[in-house]
Amino acid sequence: MKQAIKKIAVLGSGVMGSRIAAHFANAGIPSYMLDIGPKELKADEIARGMNVKSPDVRNRVAREGLEEAKNSKPPAFFEPELSHLITIGNFEDNKKWLSEVDWIIEVVVERLDVKQQILQMVDEVRKPNTLVTSNTSGIPISALASGRSEDFRSHFCGTHFFNPPRYMKLLEIIPTADTLPQVVEFLTSFGEKVLGKGVVHCKDTPNFIANRIGVFSMLYTIQTMVDDGYTIEEVDQITGPVTGRPKSATFRTADMVGIDTLVHVANNLHHVIPDDEMRETFQIPHFVQSMIKNRWLGDKTKQGFYKKITGTTGEKEILAIDHSTMRYRAKTKPQFESIDMARNMGCLRERIKMLASSKDRAGKFFWKTLSAILLYTAHRVPEICEEIIHIDNAMKWGFNWELGPFETWDALGVEESVERMKADGKTIPPVVEKLLRSGKKSFYVTGNGARSYFDYRTGTYRPEQEKRGFIVLSSLKDRKKEIRQNAGSSLIDLGDGVACLEFHAKMNAIGEDIIQMVHVSLTETAANFQGLVIGNQAPNFSVGANLLLILMEAQDENWDELDMIVRSFQNATMSLRYSEKPVVAAPFGMALGGGCEFSLGADRIQAAAELYMGLVEVGVGLIPAGGGTKETLLRNIEGVPADSNVDLFPLVKRAFETIGMAKVSTSALEARRFGYLRSTDSYSMNKDCLIEDAKQVVLGMATSGYAQPKMRTNIPVLGEPGFANLKIAIHLMTEAGYISKFDAHIGRKLGQVLCGGDLSTKSFVSEQYLLDLEREAFLSLLGEKKTQDRIKYMLEKGKPLRN
């Protein structure tokens, strides 16, 4: 299908409509966002002498929707300036705009009659071959297409984004019988590559896949809590990260989504699934109905299953609702022996199996709810989808489960768990019976780096489709593409003459093993490859250096050892910077401290769009010493001729603020504004494409004639005059109470490095000179008790200590 999406239209400017438009803006795609034109004036509009025909009044609804998107938390836009890509209007005055766009997305109120009216208007003005989709979460797609023109119907389907669209990976595509296959294929590819989504194909059934399973899971969990006498906190502890669910677990998730939203979806399902064997589960428990009447709807009304208050000491306290009394009380911390044991088990599959067999209260609750969820999901095959992999992906991408239902069943052991379910008097779904009758023991099998899943239609295993542009490092290792490895890292052959240095230490904290592998990787790359990618597929790129190791060495006063550790870190980042072959870093998620410094050391950065990058060392009483301070200065004065009379102080001050304020980006675009990414660096909307995209950058650099960089020896520094100006700024911030005296002390250490040390006037220095200064400042600060206290606090609490 030869289709280009140059501009879209979003019909509806509510929470979903405005956030969908925002995410298209994140992808660089402009949009028209239209909504209704008000029939009545507000008081302020009357005071300003407006009437209902005034443009500001006509576009008020869309304008307010855009403003809400601009102010949303978490941010809907990568950068606020991207909101300029959205042009607001209204259905009546601006419907002709729809003839200009390539894709029209309907996101109006969830009423069939309203949606049909809007789509009729679309059918009248759209140009032929324009894509039209609906973001409905509960109305049949076929009903929306009914009565429309043939060209409309062939280019129409459902595209169900999950909220918030920027952060939730899932995009459900729901074709009708009339939807052209090439339309589905195009939307799938566009959704994955341009919008960064994980796409699943659904049948046109009530609430499609993720909400059908996810809402059942939540309501069955809530009902079991009531029936069996558990508390909100107990349930959230059992249904949180320890069992592979998000940190928000069950009730915090409901508060964030909105309890009224959960109830709306449940009521809709209860109405439209008369033959569902678990239909009564979708009836809302009485205490939740009371919460709706009380307007205790979650975060949007400041109280739901949980409520935050300010205590008598002025500190924030969290209360939890007692569902038996409908009163809030202090949140408790439940203790379960099986949960404590599970937390000490690294493998999620082992944790799930152990907890399901545990006989304590946590184990009993977990087995009862998990077995019901697995059975319900399997009974939906082939009703909602014929391919189990789409169901698993929908739950992982739409509800942030680590394992999908069928992957979870494999972790339990299908044969053993089925026997236990039969003993509990449960009916085993046909897909499970068919699996076991065919002699198979799991829904998934893996071999030679490829995974296959059980196909209900044929009763055989079907290979998981390999998508072009998606590289899976674990699959390459299974295929014997691992060249070298140690406890914290591996060197992997990506093919086409490109290697990849992969971190796989805990939290990808950078230690001696990773630093050793840097040198091994560069030597191997110089001899046998065209270039090197630094990347991995863990939850985060790297959280920085191994603070525990550094603290232990400092407490033992092993200063020579610490000096050697910092030197080796600096040597590693400098080796990346001056490699014989091109090096491209592929950071994503958190790339903090040393993880940021490794990225800054590469020739280029191909980042993930969702990038939380920063030099955060001041938070633990230190300054960056792996080349980060030096590199931040260089990037800020980059492009200034060495012999020019340009005032460098504003540029040095910007470098000082970036490090001193521990600025962390919330997107790749913001990382570019902070100076962590250059204008020549790029980003990938889909993290799953990141390694392949970085590989292509390496190949492009190699093909265009890569020249090994030369170490700089003529870096201009301001010396004492510049440092004196920074000290004045530090003093003023201290006096105003913005920073502590110890923060000021750290600031002076940082400022001295950025200005070149004890030089009396503006001078020119080498990179090694600056590296020596940052290392000396780092070790000096590390010897102070307040710094060591900050490191201990960070290791224990996971957040900075201010002292």
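Reader: Which residues of the largest nonpolar core touch the most other members?

Author: As a general idea, nonpolar side chains in soluble globular proteins tend to be buried together. A nonpolar core is a set of buried Ala, Val, Leu, Ile, Met, Phe, Trp, Tyr and Cys residues joined through side-chain atoms within 4.5 Å, where buried means under 20% relative accessible area with a 1.4 Å probe, protein chains only. Here M225, F305, W409, V432 and F443 touch the most other members among the 109 residues of the largest core. Helix α17 (residues 361–379) gives the most to this core, with 11 residues; helices are DSSP runs of H or I of at least four residues, and strands are E runs of at least two, numbered from the N terminus. Another core, apart from this one, has 94 residues, including A554 and V753.

The model is predicted: local features need pLDDT of at least 70, side-chain atom pairs count only at pLDDT 80 or more, and totals for chains, interfaces and linings use all residues. Residues are numbered from 1 along each chain as its sequence is written, and side-chain values use heavy atoms, leaving out hydrogens and water.

Reader: In which sense do strands β6 and β7 pair?

Author: Two strands pair if DSSP finds at least two bridges between them. Strands β6 (residues 156–161) and β7 are antiparallel, over five bridges, and T159 has I173 of β7 as its bridge partner. By contrast, β7 and β8 (residues 198–201) are parallel, over four bridges. Between β7 and β8 the chain passes through helix α9 (residues 181–193) in a right-handed β-α-β crossover, that is, clockwise from the first strand over the helix to the second with the strands pointing away from the viewer.

Reader: Is β7 (residues 170–175) mostly covered or uncovered?

Author: Strand β7 is mostly covered, with five of its six residues buried.

Notes: Buried < 20%, exposed > 50% of the residue type's maximum accessible area, 1.4 Å probe, protein only.
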